[in-house]
Structures are given as structure tokens and as C-alpha cells.
Amino acid sequence: MDTSLSWIKAYVPDLGCSAQEYTDAMTLSGTKVEGYKEFDKNLDKIIVGRINKIEKHPDADKLVVCQVQIDEEGTEVQIVTGAPNVKEGQKVPVVLEGGHVASSHKDGESEDGFKIKKGKLRGVESYGMMCSIEELGSNSNMYPDADPDGIYILSDNPAYAGAEIGSDAIGLLGLHDVVFEYEITSNRVDCFGVLGIAREAAATFGKKFVPPVVAKTGNNEDVNNYIKVEVENPELCPRYTARVVKNIKLAPSPEWMQRRLASVGIRPINNIVDITNYVMEEYAQPMHAYDLDTIEDRKIVVRKANAGEKFTTLDGQERELDDTMLMICDGKKPIGLAGIMGGENSMITDNVTTMLFEAATFDGTNIRLSGKKLGMRTDAQAKFEKGLDPNNAMEAMDRACQLVEELGAGEVVGGAVDIYPVKKEPVVIPYDADKINALLGTDIPEEEMTGYFEKIDLIVDKEGKTVTVPTWRQDLERLADLAEEVARFYGYDKIPVTLPKSTATTGGLTGKLKMEKIARTTAEAYGFCEGMTYSFESPKVYDKLCLDEDDILRKSIRISNPLGEDYSVMRTSALGGMLSSLANNYNRRNKNVRLYEIANIYIPKELPLTELPDERTMLAFGMYGAGDFFTMKGVVEAVLKKLGLDGITEYKPGSRKYLHPGRQADVIYNGKEIAYLGEVHPVVQKNFEIGERTYIAVIDLKTVMEMPSYTVKYKGVPKFPAITRDISLSMRKDVTAGEIEEIIRKRGGKILESYELFDIYEGSQILKGYKSLAYKIVFRASDRTLTDEEAGKVMDKIISSLAAKEVTLRQ
């Protein structure tokens, strides 16, 4: 948002301050000024001169020697120029010897400008310079009548033709001005217009705010005889106003309007277009003008577009619409994209005679989504997106019609069409000076507070202790908002430093965060370092992991506006990021790397998405170098134990394509798969360019968090001795240790205290295809000393059950 100081002063006439003072004060009162530009910076000793005589240069075909009058007494100076557009009798801006200009044709703009000195051009003395508009630091956008290749001719512009010779040319051109750039928050829609900024400036500096007096205009005709309006979607168009102007007379807008528009970066075009732009900047209310003769059936219909409907906008682009976009239509066809851009088929041309003015409010969310879908961005759209005040629409409309009559641009038809089914009412907020002071840590009198409220046009009921908030202040909803208004006008720099008044509360972590903390502590105790990777990745990761085409992990959510192909899908596995991190470390020759990550994955329930995906937290481990499969298995067991899974964990052969077929396992707890681990498949390892055996493990923390038991039971020191038995068993290789241990647990009974696998053997001393497992089994009774006979009976049961699975004692 930009405004010029001169435009602000039009509504705050008593305002007197420097650009820096304005910047500092407005920023402290909450209207942050990002910076400012002084139009007259580096412009000095520039006056209005008149060319009295022109002669050819004696030694240069493209140069002429001009005698330029610089005051009313007839004083002349000689100036040599190469400008092709100079003529005798013209009034031009002249910089005298010792003066400064902002830029030069040769070097462009300079931070410090350029000093003009007397000199000789091809042997002829020159005592100054006649200026182009660019040398004055401006351009043809601000001054459309300027010759882009020559001197700016003041006398060609009726507004400047009568200027006194020797007078200040910079003041004449309106360049003794400053334009300020603001950072306006989206909840202060009123400050997207000059009137809103001026109101803030008046309150900040304690000056009177004088808004324009808007008078009703119009002849004795009835606008309803010219146009009918129907709004089919009032939830998307809360208010629609329209007026008609006939007998249009297109012409340049007056100089004051051109200067104000140009100061904020809007190029003056003609009186009608300039009026709509001017009111948009003044009231923060976009307007649009249609050629009434192009509107069929003399009817406006505000409706949603049909899916696949085609529409050509003012910029000549044909656009395909969907059924969520709001359109302005006539009796037969669309003529405008509501809140974004008008249509080519109803544009104002030089032949217009009767015009329809539109000022409406539209649903901000709908306007933003429509613009995003169409890839469009306009000034009007940017304002509508914020959510405009519908009560502002008719005042802006009347202001535009007032300007039409003042500028002689046409005849305004009497009356107005106003479709406003649900009027927006002001908000009433109770205030309490004590609570505001307690909130701010201040001791401001109530009278002073109400004075701040009245300065910004809030209506104060001192008896009822309420504040009525105008509808254009959409950011004020509760007492805390009123406290903020008090703070910013009292002065944030005046508020003393105080300690907060509150009772201390004990903080703490949620159960999920506690478990993640335990997982981190345990992983780091085993030498793992935490890594962090993006939740979005490239679909090429699936190919590097050698996933089947129908693998569920390939069914990932595509991001609608990705940063690029490498970040275009939400990950369904934590392994892509982990293996990429290991690869980065390997390629940098880091040895014995151990990494872990607590990563979220996103499993869609169906595609395309109809509901939020299943977001699961996974604990992923990866390592290469020192360690093997059993090292990783030990880490997984340690983490699960620390997380409170103190039951029996089983391991079953896995079948994941990205892991080595003979060196992977699924981890089962209480019948549920909670994790998996293994060595990375050599092909996958090669795809990620890792040159060493790599091991990974992934624990499903979301599932594990439902299982832990932190109940601790005390067991006293045993009073009776234990009996230990060692057995060596022979079995087929496909029989797992888990199956053996399950039999030992079931048949061991109450006297089984513990068991431990202490040896695994495969070799020539046993049959081919067989292996040997050796266990140490400990028995103990809590109430007596066990006998060998009791222990022997239990061992017989265990051996008998093992025999049923063709597991025998090794001889």
C-alpha cells in the first residue's frame, strides 16, 4: 500500500511534519511504514524557463543553441541542447548552473544526483540544462504527455501553460512530495485506502480528519428504467450496487487527480478510468465500469459460472471456468469475473455513451481461490480477498458519481440499484478501564482512553461503558482489541516494564512427546545422531527402493503446488530420506555413520483424497560401518524395552523388496507388527550410491504408543536357590528361536525364572540343513527349595513338546 504525503494532507490539512517524522510516528502507532521516496530528492535550482531564440550549432548538426529566459525581467542564459522537440516560445523546466538533477541520459539515475556546471559543447558555452521528465526523476507513466525522446514541454500542458517564468518548476509539477510504502496487516482492510491511512495519521498527530463531503447526485430519471440486477448467490455477493451515467465525455482527468494516481504507481488514462481507480485508492473499494449498450436485456445477473464455461477477460485471454467461480453476467452472457477482471465484451471504449458503474462486495475466500485457479492477480482482487466492508460500497459509488459530475465526464442518472439483503451492523464492545490497565500494565485514566477511541471514530457511551465499532473496523471484536488501540496511541514506548501477574503452573510434556524423548535418548545412547528430512520427496524414490508397481507405498499424495519434481509427493516411507542422508555421509567419506529420525509418513485412505490421510510417526534407524544385523536388532530391542514393551517380542522373516531376502525380519508384539529391520538390498544400496553394507530399522511409534505398560512391580531378593539346566537342541534351519522359546515359556510353568540363548552352531558336526541352539534355563520357587526331581519333570515336558516339532537334544 502506497500513499503520497500530499494526498494525506488533503484530508488532514493541518498535518505538518517531515518524511522521517511521519515514518517514525506512524510506525509507533501501529501503521508500519516500510520506507519512503522523496520525489524532489536531488532536484535543485530548477525553474520555469521560456525559449526565446533557437539557432543552429556552428559545429554540430544535431545540436542547437537556445537563448532561454529565466525570469520575468527578461534575463536570458545560453543553453546548448540536442533535444529534437524544442521550439521558440515554449516553456520548459530549466536547471541553472550549480543545480542538480536526478538522472542523466548517459548514466541513468544516481544516488546523489548530478550537478550541472557551465561548460562548452563543441566549442559553444552552455550555462544550464533544459530537462526531460526522466532527468527530473520521473517518467511518462506519471506524465503521459511527456515526450520520451526530448525535453518536457510545460506549455503543451494547459495546466502549466500559464506558469510564471522563473517560478519553481518542481512545485509546478507536484514533485515536492513524498510517497510512503506501508506494511498493512490483512485485518486492517480500511487502511488499504487513503482515507483509512489519513484517519490513522490524524489520530497519530492529534490533527483534525476532514474526509471528502459526498453529496447525492443524479438527474430526475430512475436508474431502474436503465438496468435490473439479480443476485443468485448472496452468500458470495453480500452487496451489489449500481448506477448509470449517460452522455459520457471522455477526456484527460485533471492534473491534481493525475498527480495523485501517478504518485501511487497508477498511470492516468482518461477521466472515467481514472475516477474508478481514484475511488478504489481513496476508499479501498474496487469499482468497475461497463458499457451499458453492450449489456443485453439491460440486466445484470450475479451467478456462479458453469463448469467448462469459456470467458475472455479484458487482457484478451480466454479462460476456462469452473462452477465455483462467481460471474457478473447480462441477460445472455458473462461480462465479468466478479472481483477480479471485467470482460472484453463489455469494456469501455472511446465510443461509449452510456456507462454502468458497479461497486460490490464479494466473498474474499471465493475471490482468492478463483484467482489462484485462473493464475490471475489484480489490484481489485487483492482488496476483495481481505473481506471488504459492504457498508462502504454505496458511499464509494456516490463519490465516483460526484467526481463524474465535478469533472464534467457525464450525466448521472438519478437513483441507485442496491441489492443488500442482510445489512452488516456495527459491533458493540463493553470496555473496562481497570481491565485494560491490568492487561497493559499501565495507569491510564479512563477519560484519556475514551479520547483515544473517539480519535479513531469509535462511538463511546460513557454511561454504559460501551464502544460502538464502525463496520469498517473489522479487527475490533473484544476488550483486548480495545486495549491494543489504547496502547498504540498512548505509545508502546511509554508502557513500563512489569512482571506478568499470574499463578505459576507446572509445565509438562504430552505422552507422545515423552515417548519421543525416550526414543531419542535411547538412540543417542547407542551412538546414533538425529537427522531431519522433508516430509515431501520425489516419486523416483520408489524406483530406487525397487518397489513393485502395485506396492501400496507408491500410492502417495501429490502436492498441488510443489517446489519441483524432487518435492512433489508426501512420503509414505521414512527410508527415502534416511538412505539419502546415509548416502550423503558416505560420499563425504564419513565412516561408521549411525543416524535416526522421528519422521511422519502419510498414507492416503483413498486417492484422490476425500479425507485426511493416516499420518503416522515412525522411528527410523540407519547405519553402515561398525555393526551388523544383530547390532541393529539389539538397538530395536533396547528402544522397545525403554518404551515400556516388557512382554515377549517375536521376529519373523520379512519379505520387503528393498531389504536383503535372507537378512530381514518383522518384529511382532502381542500379535501386531510394530517394526521391521534388516540389511538393505544390494541393488537398493547401489541405487543410493552407498558402498558398504547398510542396515535399517523402522519402528511404528503410533502403534507402539498404544501398547506400553509402565507399571513397575517390586520383587524381593530370592530366598531360595535356583536350579540351572543347559540344553543343546538340534533342528531344521527353518525353525526359529522364537518358536523354541514359546515352548519353553509355556511348558516351564510357575517355576521357570528365565532362559537365555547362549550359542548357535551350524557346521559339519551336525546334519546338513540343520542348526543347533543352546539355552540356559533357570528354575526357582519363591516358597521353597526346588528338588532336582521337580526341575527334571519340567525339563521332560519341555523336551517332549520340542520333540513334537522335530527338535531333539543334540548328542
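Me: What should I know before reading the values?

Reply: This is a predicted model, in which local features need pLDDT of at least 70 and side-chain atom pairs count only at pLDDT 80 or more, while totals for chains, interfaces and linings use all residues. Residues are numbered from 1 along each chain as its sequence is written, and side-chain values use heavy atoms, with hydrogens and water left out.

Me: In what order do the strands of the open sheet come?

Reply: The order is S27-S30-S31-S35-S34-S33-S32, seven strands with mixed pairing. The edge strands, each pairing on one side only, are S27 and S32 (649-653). Strands here are DSSP runs of E with at least two residues, helices are runs of H or I with at least four, and both are numbered from the N terminus. Two strands pair if DSSP finds at least two bridges between them.

Me: Is S34 largely enclosed or open, and why?

Reply: Strand S34 (residues 672-680) is largely enclosed by the rest of the structure because seven of its nine residues are buried. Buried means under 20% relative accessible area, exposed means over 50%, and partly exposed lies in between (1.4 Å probe, protein chains only).

Me: How many bridges does S34 have with S33?

Reply: Seven bridges pair S34 with S33 (residues 659-669) in the antiparallel sense.

Me: Changing topic, which residues of H16 are buried?

Reply: Phe629, Met632, Val635, Val636, Ala638, Val639 and Leu640 are buried in H16. Glycine 644, which follows H16, has a positive phi near 95°.

Me: Last one: which residues form the nonpolar patch on the surface?

Reply: Tyr534, Leu563 and Tyr567 form the patch, with about 380 Å² of accessible area together. Such areas come from the Shrake-Rupley method with a 1.4 Å probe, and for residues only the protein chains shown count as cover. Patch residues have over 30% relative accessible area and no salt bridge; like charges are joined within 9 Å, and nonpolar side chains (Val, Leu, Ile, Met, Phe, Trp, Tyr) within 5 Å. A salt bridge is a side-chain nitrogen of Lys or Arg within 4 Å of a carboxyl oxygen of Asp or Glu.
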